[in-house]
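Biologist: I would like to go through the helix packing in this model. Please give me the value and the cut-off each time.

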Amino acid sequence: SILASVDKASQAKLGKVAYAPLVHAAMNDNRKPMRESALESLKIGTSLHVLEGTGPNELALEPLIAGLVNELGESEYKSGGIPDVLNLVAELAKFLPDLDSRGQTLGERFAS
């Protein structure tokens, strides 16, 4: 995957283009193998390059959430892959950066 082989800043920039179509495929494709491949691509595409450490790339999470919101807005909430995509995002929610002075992360607010 190209997203997995670039630095974290480039990954976030590429994610602005790639995440929405991957989210769409993970939610809406009729073939389960395609949905699973798209979901795996999202996992790999939001992870840090092996030379930069392990775990999710915090810079890539914002474009992922933007793509998710866009695709959810256009869906009818009947897609078979929505639970899987939301489970992935819930796993990543704790890594979202702080947004307010109370110290509550976006992830905490998103998950509650």
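**Helix packing**

Modeller: Helix α1 (residues 8-28) and helix α3 (residues 58-74) pack at an angle of about 30°, with their axes 8 Å apart. This is a predicted model, where local features need pLDDT of at least 70, side-chain atom pairs count only at pLDDT 80 or more, and totals for chains, interfaces and linings use all residues. Residues are numbered from 1 along each chain as its sequence is written, and side-chain values use heavy atoms, leaving out hydrogens and water.

Biologist: Why are α1 and α3 called roughly parallel to each other?

Modeller: Their angle is about 30°, and angles under 35 degrees count as roughly parallel (over 145 as roughly antiparallel, 65 to 115 as roughly perpendicular, the rest as oblique). α1 and α3 are therefore roughly parallel.

Biologist: Which residues of α3 make the contact?

Modeller: Contact means heavy atoms within 4.5 Å. On α3 the residues are Leu59, Ala60, Pro63, Leu64, Gly67, Leu68, Glu71 and Leu72. By class, the contact of α1 with α3 has 12 nonpolar, 4 polar and 3 charged residues.

Biologist: What makes α2 and α4 roughly parallel to each other?

Modeller: Helix α2 (residues 32-45) packs against helix α4 (residues 82-92) at an angle of about 10°, with axes 11 Å apart. By the same cut-off, α2 and α4 are therefore roughly parallel. Leu39, Leu42 and Lys43 of α2 meet Asp84, Val85 and Leu88 of α4. That contact has 4 nonpolar, no polar and 2 charged residues.

Terms used: Axes are lines fitted to C-alpha atoms, for helices over the stretch in contact, and angles run from 0 to 180 degrees between N-to-C directions. Helices (H or I, at least four residues) and strands (E, at least two) are DSSP runs, numbered from the N terminus. Ala, Val, Leu, Ile, Met, Phe, Trp, Tyr, Cys and Pro count as nonpolar, Asp, Glu, Lys and Arg as charged, and the others, Gly among them, as polar.
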